[in-house]
Amino acid sequence: MSLLRRSLAATLLSLPLLSLAQTDGAKPLVFGVGLFQPDREKNDATYRPLADHLAQRLGRTVQLRTVDSWEGLARSLASGETDIALLGPWGYVLAHHEAGAQAVATILYEGKPEYHALIVTHPGSGLRSAQDLIGPQGKGRTFAFGDKGSTSGYLIPLHFFLQQGVDPEKHFGRVLYTKHQAIETQVAAGQLDAGADYNRNRNAMIDQGLIKADQSRVIWQSPALPNDAVAVRAGLHTDRAFVQRLQSALTEVGPLLAVRPQLLPARYTGFVVADNGVYKPIRDAGLATGKLSPKR
């Protein structure tokens with residue numbers, strides 16, 4: 001660790017925390033997080049340090065809640081059940097479109113605010129490219145999407161298929177909708193011919209020994225997509241002082257990782273301030289696929 005990073009992290013740790021006593025009457029904040037890890041228990045353990053950090057910096061009790069589908073998390077943010085959420089780009093766009101939820105930050109992965117959707121297959125499938133998959137060789141195969149609130153697991157690969165004139169429900173013999181981890185596991189085992197995923201999940205599963213890199217092959221990668229959003233419900237976004245405190249707490253995380261690496265999972269390196277405009281490419285894909293209705 002560099003002397004500069006140690007010094008900056010130590011400075012951040014020495015900043016005065018807001019006392020919870022200052023806001024005793026305030027309702028606890030619900031921090032919703034998507035199911036990024038293989039199960040709810042591991043997900044809770046992974047993101048609890050971040051929730052605790054936010055509680056300290058905001059001077060509010062923060063209740064962590066893992067929501068096991070992107071659609072469910074988007075709905076909870078839209079309904080006001082969740083105050084702050086770390087959710088996928090498409091889930092955020094849905095929550096913004098339906099109820100005015102607002103992005104305040106984007107997570108960084110290996111220093112970048114972007115990632116890629118993937119289509120993977122197994123070495124024995126005979127599929128060597130996306131053209132194989134959408135052509136005669138792919139017809140009648142099994143294919144898995146993530147849940148319909150997923151950016152990389154559903155929206156972006158669906159957009160790709162439709163741009164190629166392919167209706168997945170007609171082209172493939174069987175189409176499933178399941179979790180990202182299950183897609184990688186079943187493709188690697190040869191139980192599925194191909195499926196949609198994203199580079200961050202595939203890398204994490206390889207790092208954790210859940211799959212081997214040579215058990216699956218990437219045959220398609222999307223252009224760069226904006227990373228997961230930290231968003232707040234519409235009513236909370238009107239409190240500009242709160243939003244600024246939240247953004248400050250989030251941007252502190254990167255330097256703090258030097259001394260508190262447990263604040264984020266491996267390969268995640270902090271947050272940058274963002275707004276709704278960052279997620280325009282996802283909104284455009286939603287409109288192009290007809291999954292998002294134009295606002296009048």
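## A buried serine in a loop

Ser-150 is buried, its relative accessible area being 2%, in a model that is predicted. The residue belongs to the loop between strand E7 (142-145) and helix H6 (151-163). Once neighbours within four places in sequence are set aside, the contacts of Ser-150 are Trp-70, Trp-90, Leu-155 and His-180. With Trp-90, which is 60 residues away along the chain, Ser-150 has a C-alpha separation of 6.0 Å.

Strand E1 (residues 29-34) pairs with strand E3 (residues 84-87) in the parallel sense through three bridges, and Phe-31 has Ile-84 in E3 as its bridge partner. On the pairing of E3 with E12, the sense is antiparallel and there are four bridges, with Ile-84 standing opposite Val-232 in E12. E4 and E12 are likewise antiparallel over four bridges, and here Gln-102 has Val-232 in E12 as its bridge partner. In a regular strand, side chains alternate between the two faces of the sheet. In E12, Ala-229 and Ala-231 point one way while Val-230 and Val-232 point the other way, and all are buried.

## The five-stranded sheet

A further open sheet has five strands in the order E8-E7-E9-E6-E10, again with mixed pairing. Strand E8 (174-177) and strand E10 (217-221) stand at its edges with a single partner strand each, so one side of each has no neighbour in the sheet. Neighbouring strands here are turned against each other by 30° on average, direction ignored. E7 and E8 run parallel and are joined by four bridges, and Phe-143 stands opposite Val-175 in E8.

Two helices can be described in relation to this sheet. H6 lies across E6, E7, E8, strand E9 (194-198) and E10, at about 125° to E7, whereas H8 lies across E6, E7, E8 and E9, at about 135° to E9.

## A helix pair

Helix H8 (residues 180-188) also meets helix H9 (residues 199-207), their axes coming within 10 Å and crossing at roughly 60°. The crossing of H8 and H9 is right-handed. On the H8 side the contact involves His-180, Gln-181, Glu-184 and Thr-185, and on the H9 side Asn-201, Arg-202 and Met-205.

Which residues touch the most other members of the largest nonpolar core? Among its 76 residues, these are Ile-84 and Phe-161. Beyond its neighbours within four places in sequence, Phe-161 is in contact with Ile-119, Leu-133, Ile-134, Phe-143, Phe-145, Val-166, Pro-168 and Phe-172. There is also a second, separate core of six residues, among them Val-120, Ile-183, Val-187 and Leu-192.

Two members of that second core, Val-187 and Leu-192, are also touched by His-122, whose contacts beyond four places in sequence include Gly-190, Asp-193, Gln-215, Ser-216 and Arg-217 as well. His-122 lies in the loop between strand E6 (117-121) and helix H5 (130-134). Is this histidine, His-122, buried or exposed? With a relative accessible area of 12%, His-122 is buried.

## Two residues with positive phi

Most residues other than glycine have a negative phi. Glu-110, although not a glycine, has a positive phi of about 50°. Glu-110 sits in the loop between E4 and strand E5 (114-115) and is partly exposed, at a relative accessible area of 45%.

Arg-267, which is not a glycine either, has a positive phi of about 80°. Its place is in the loop between helix H12 (253-256) and E13, and Arg-267 counts as partly exposed at 32% relative accessibility.

Methods
Residues numbered from 1 in each chain as written. Predicted model: local features only at pLDDT ≥ 70, side-chain atom pairs only at ≥ 80, totals over all residues. Heavy atoms only, no water. Pairing = 2+ DSSP bridges. Core = buried A, V, L, I, M, F, W, Y, C linked by side-chain atoms within 4.5 Å. Buried < 20%, exposed > 50% of the residue type's maximum accessible area, 1.4 Å probe, protein only. Contact = heavy atoms within 4.5 Å. Axes fitted to C-alpha atoms, helices over the stretch in contact; angles between N-to-C directions. Left-handed = near helix turned anticlockwise from the far one by under 90°.
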